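Work through the exercises below with the sequence and the model at hand. Each task is followed by a solution in steps.

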Amino acid sequence: MTIGGIITAIIFGAIIGALGRLIVPGKQSMSIWLTVAVGIVAAFAGTGLAHLFDLKTDGWNFWETIFQIAFAVVGVYLVAAFWPKKSSSH
């Protein structure tokens, strides 16, 4: 993977992760890096699922994007449920 590919994965991961956080109701105590990580994993998983169903995966694909966002929603939900909450000690 090239430097450009890594940067692209981080950018798309951030976008997909942010969409997942917007869809999951409530406040999630996740950091930005964790949102990006969930988004990157969701992007790869969504692309893999689209490829598994033999959908076109080159260029922009509606179903691939839907799968990626769905994986991001599930990922954000799971991380928000199991990640330790930030303490509000003053």
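**Exercise 1. Determine how α1 and α2 are oriented to each other, and which residues make their contact.**

Step 1. The axes of α1 and α2 come within 6 Å and cross at roughly 100 degrees. Axes are lines fitted to C-alpha atoms, for helices over the stretch in contact, and angles run from 0 to 180 degrees between N-to-C directions. Helices (H or I, at least four residues) and strands (E, at least two) are DSSP runs, numbered from the N terminus.

Step 2. α1 and α2 are therefore roughly perpendicular to each other. Angles under 35 degrees count as roughly parallel, over 145 as roughly antiparallel, 65 to 115 as roughly perpendicular and the rest as oblique.

Step 3. On α1, the contact (heavy atoms within 4.5 Å) is made by Ala 9, Ile 10, Gly 13, Ala 14, Ile 16, Gly 17, Ala 18 and Arg 21. On α2, Thr 35, Val 36, Gly 39, Ile 40 and Ala 42 take part.

Step 4. By class, the residues of the contact of α1 with α2 are eight nonpolar, four polar and one charged. Ala, Val, Leu, Ile, Met, Phe, Trp, Tyr, Cys and Pro count as nonpolar, Asp, Glu, Lys and Arg as charged, and the others, Gly among them, as polar.

The model is predicted: local features need pLDDT of at least 70, side-chain atom pairs count only at pLDDT 80 or more, and totals for chains, interfaces and linings use all residues. Residues are numbered from 1 along each chain as its sequence is written, and side-chain values use heavy atoms, with hydrogens and water left out.

**Exercise 2. Describe how α1 crosses α3.**

Step 1. Helix α1 (residues 3-23) and helix α3 (residues 62-82) have axes that come within 8 Å and cross at roughly 60 degrees. That makes α1 oblique to α3.

Step 2. The contact involves Ile 16, Gly 17, Leu 19, Gly 20, Arg 21 and Ile 23 of α1. From α3 come Gln 68, Ile 69, Ala 72, Val 73 and Val 76.

Step 3. Seven nonpolar, three polar and one charged residue form this contact of α1 with α3.

**Exercise 3. Which residues form the largest nonpolar core?**

Step 1. A nonpolar core is a set of buried Ala, Val, Leu, Ile, Met, Phe, Trp, Tyr and Cys residues joined through side-chain atoms within 4.5 Å. Buried means under 20% relative accessible area, exposed over 50%, partly exposed in between (1.4 Å probe, protein chains only).

Step 2. The largest such core has six residues: Val 24, Met 30, Leu 34, Val 38, Val 76 and Val 79. At least two of its residues come from each of α2 and α3.

Step 3. Not counting residues up to four places away in sequence, Met 30 touches Arg 21, Thr 35, Val 38, Val 76 and Val 79.

**Exercise 4. Is Gln 68 buried or exposed? Treat Val 74 and Asp 54 likewise.**

Step 1. Gln 68, in helix α3, has a relative accessible area of 11% and is buried. Apart from neighbours within four places in sequence, Gln 68 is in contact with Ile 16, Ala 42, Ala 43, Gly 46 and Thr 47.

Step 2. Val 74 also lies in helix α3 and is partly exposed, at 47%.

Step 3. Asp 54 sits in the loop between α2 (32-52) and α3, and counts as exposed at 68% relative accessibility. Asp 54 has a positive phi of about 60 degrees although it is not a glycine.
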